[in-house]
Amino acid sequence: MSKYTYPNKVPFYKFLLNANSMAQNPIVFHNKWFNEVGETFAIKSPFYGYVVLTRDVNFTKHVLQKQHRSYRKSKIQITYLSKYVGYGLLTSSGDYWLKQRRLIQPAFHKEKINDLVSIINNTIEKQVDKIEPNSLVDLYPIMNELAFKVVAKSLFNFSAEKEVLERLQFIIEKLQLFIVKELRMPYKKLWYYLKGDISYHMKLVKESRRIINSIIVDRRKSNVSHNDLLDMLLHVQYEDGTTMSNQQLIDEILILFVAGHETTANALTFTLKLLAENKEVLRKVEDEINKTSLSSLSPLETISQLNYTKCAIEESLRLYPPAWITDRVNIEDDSIEDYHLKKGTMIGISIYELHRNKKYWNNPETYIPERFLEENRKEILPYYMPFGAGPRLCIGNGFAMYEMILAVKTIVKKFNITSNKDSIKINPLITLKPVDVKLKFNLK
């Protein structure tokens, strides 16, 4: 008898029968099996051994927090992603990850992010001015452009030509699309090689690294301070007094672009759609924003006053977490509750399902920002993980919240937003992407 015990199992033939549909939208099948089998279930693959999927908070906290030293990110993130976006905080692991996290963390402390607020706010205002009023528009491309520009200006304030950043944006978006194809359809890898897709995208990787390297080289030669993230990253020091090499900087900057703009674009798209469809919530957000507009507040002071707006964004992140799933692999045998898992077991943690689990949330499918009011937060925060949990909690969570609050404030202040009433469709890729969300922006 095996000494290993696993959660209730979904037969592998069910997985095979639904493989093509799961490649399109795995969330539907995750939800079905969670409801049928339990809060945590396993699938035994003849090729990879057991894969465990959970929406249980205790299981999740064991893996991400309590026993995090026994777990590493899977090859999906460490090997496949790093091929395209470098070996930065998102894709590294072990001692190197810890060393980089300790080095970079100070650049994202609240005081440092406060210094960037004017850059973030000015960039948002310029992008919002470009929104075409009085017509139904596709929302995601607008939010994607806004979020990319915010990251670019926060990283490279006054350091890169417009054409250079536009090329970098094109490359990053091309790489993101191809990464998803390669991860979802690994059986087509040979075809991608023969067709020249992999060669083409690796050339784009090299080009993106050349672009960023040239910006770094120019900045190193300059004696001018720009008070942006690149300045901070150039000057942070390891314990021995050394700083990051250009290659390390390129890795971290690529990760900041990839992880920092698409997730925020997704979240803003979902948030504005939810506001447009929930008129009472939108009215409260508008009232709060109008009240702050009556005072001569700085952008940073404005953020501190927009408490209900922040709740509206947090509730959107609960329903539609951009980082909808995360994975880990145990590097040694481990026991979780009644289960004893063999070394090398892949654990999938569905943040999307955890955030909608009836065990932890009242009316989990309903958009209720009041959940996040100060008097209610203590009860729900143990089950809320839009930025992950444990030591690998997203380093840019404060930056993202500032950006989203200022973006919602700027848009709602300028426009009356209305929806075409279509239901919200999602595409769970590496991040949870909105599909075909259209809004109308009428000038106030």
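In what follows, buried means under 20% relative accessible area, exposed over 50%, and partly exposed in between, with a 1.4 Å probe and protein chains only. The model before you is predicted, so local features need pLDDT of at least 70 and side-chain atom pairs count only at pLDDT 80 or more, whereas totals for chains, interfaces and linings use all residues. Residues are numbered from 1 along each chain as its sequence is written, and side-chain values use heavy atoms, with hydrogens and water left out.

I begin with H30. This residue is buried, because its relative accessible area is 9%. H30 lies in helix α3, residues 26-37 (helices are DSSP runs of H or I, at least four residues, numbered from the N terminus). Setting aside residues up to four places away in sequence, H30 touches M22, F41, L53, W324 and I325 (contact means heavy atoms within 4.5 Å).

I turn now to the nonpolar cores. Such a core is a set of buried Ala, Val, Leu, Ile, Met, Phe, Trp, Tyr and Cys residues joined through side-chain atoms within 4.5 Å. The largest has 127 residues, and F257 and L275 have the most contacts inside it. Helix α13, residues 246-277, supplies the largest share of this core, 16 residues. A second, separate core of 9 residues includes F29, W33, F34 and L53.

Which residues does F257 contact, leaving aside its neighbours within four places in sequence? They are F148, V151, A152, L155, F156, L168 and I172.

Methods:
Helices (H or I, at least four residues) and strands (E, at least two) are DSSP runs, numbered from the N terminus.
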